[in-house]
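This report describes selected local features of a predicted model. Please keep the sequence and the structure in view while reading.

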Amino acid sequence: MTVSIEPVFPRSYWVEGTRIPTIKGISKYGAAFEFRTTYVRDTAWCVLTQEVALILGELLWDKNVVEVFAGTGHVAHHLRRVAGKDRKTYRAYDNFTFSTRYRYPNSVSKKNAFRAPIKDADVVLMTWPEYNKNHAERVVKKMEVDQILVFNGEPRGGCTGNDAFYDLLEKDFVPMEGLNDRLDDAHYQFPGIHDWWSVHLKVN
């Protein structure tokens with residue numbers, strides 16, 4: 001298995017277009033689309049900027065973390081480093097349904113997310129749960145009061161989760177607004193993509 005470690009770049013590196021190569025005869029938007037297709041396959045569904053990693057690292061530092069739908073392990077690999085975690089205090093799971101070219105060595109356990117030890121976590125981290133499926137809904141239903149959800153995906157009506165998941169977010173969770181504002185400022189979205197990082201405290 002070939003392994004490629006994608007660095008975590010500052011947001012400015014993405015905004016200025018330095019990270020996305022130009023393609024002769026293709027518009028800037030088209031080049032970004034082509035790049036994202038490869039990026040999703042090989043790295044992650046979302047961009048983890050240095051700034052976002054540092055903000056999340058502060059949150060996760062003294063907490064036990066379970067990441068589900070962890071894919072290649074890109075997010076887990078870098079957040080472990082930033083937050084001073086090992087595989088016992090930051091556990092990541094994915095059943096590798098989708099083929100990926102690169103995986104981070106020893107970063108992700110091959111296990112169905114619904115069997116992950118959600119109740120043992122202080123924080124559950126989830127990025128881009130499958131669209132119009134109940135995967136995200138099933139995960140948050142397993143969470144208990146005072147647990148924290150870190151989520152990256154598109155808002156209701158976008159290409160992540162289902163309506164029942166967003167209903168639960170509104171009914172059973174409270175957004176951590178100050179933290180979310182900082183994440184908004186630190187995040188980079190691919191052109192045409194409307195994903196956001198957000199943090200929610202379970203209260204019901």
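Asp-146 has a relative accessible area of 58%, and because values over 50% count as exposed, Asp-146 is classed as exposed.

A positive phi, here of about 55 degrees, is also found at Phe-69, again a residue that is not a glycine. Phe-69 belongs to the loop between β1 and α4 (74–83), and with a relative accessible area of 18% Phe-69 is buried, since the cut-off for that class is under 20%.

## Strand β1 and its partner

Strand β1 spans residues 65–68 and is covered on both faces, with Val-65 and Glu-67 buried on one side and Val-66 and Val-68 buried on the other. Strand β1 runs parallel to strand β2 (residues 90–94), to which four bridges join it; within β2, Arg-91 is the bridge partner of Val-66.

## Packing of α3 against α7

Helix α3 (residues 50–60) packs on helix α7 (residues 177–186) at an angle of about 155 degrees, and their axes are 8 Å apart. Because an angle over 145 degrees counts as roughly antiparallel, α3 and α7 are therefore described as roughly antiparallel to each other, and their crossing is left-handed.

On the α3 side, the contact involves Glu-51, Val-52, Ile-55, Leu-56, Glu-58 and Leu-59, which meet Leu-179, Arg-182, Leu-183 and Ala-186 of α7. Sorted by class, this contact of α3 with α7 comprises seven nonpolar and three charged residues, with no polar ones.

Terms used
Residues are numbered from 1 along each chain as its sequence is written. This is a predicted model: local features need pLDDT of at least 70, side-chain atom pairs count only at pLDDT 80 or more; totals for chains, interfaces and linings use all residues. Side-chain values use heavy atoms; hydrogens and water are left out. Axes are lines fitted to C-alpha atoms, for helices over the stretch in contact, and angles run from 0 to 180 degrees between N-to-C directions. Helices (H or I, at least four residues) and strands (E, at least two) are DSSP runs, numbered from the N terminus. Angles under 35 degrees count as roughly parallel, over 145 as roughly antiparallel, 65 to 115 as roughly perpendicular and the rest as oblique. A crossing is left-handed if the near helix is turned anticlockwise from the far one by less than a right angle, and right-handed if clockwise. Contact means heavy atoms within 4.5 Å. Ala, Val, Leu, Ile, Met, Phe, Trp, Tyr, Cys and Pro count as nonpolar, Asp, Glu, Lys and Arg as charged, and the others, Gly among them, as polar. Buried means under 20% relative accessible area, exposed over 50%, partly exposed in between (1.4 Å probe, protein chains only). Two strands pair if DSSP finds at least two bridges between them.
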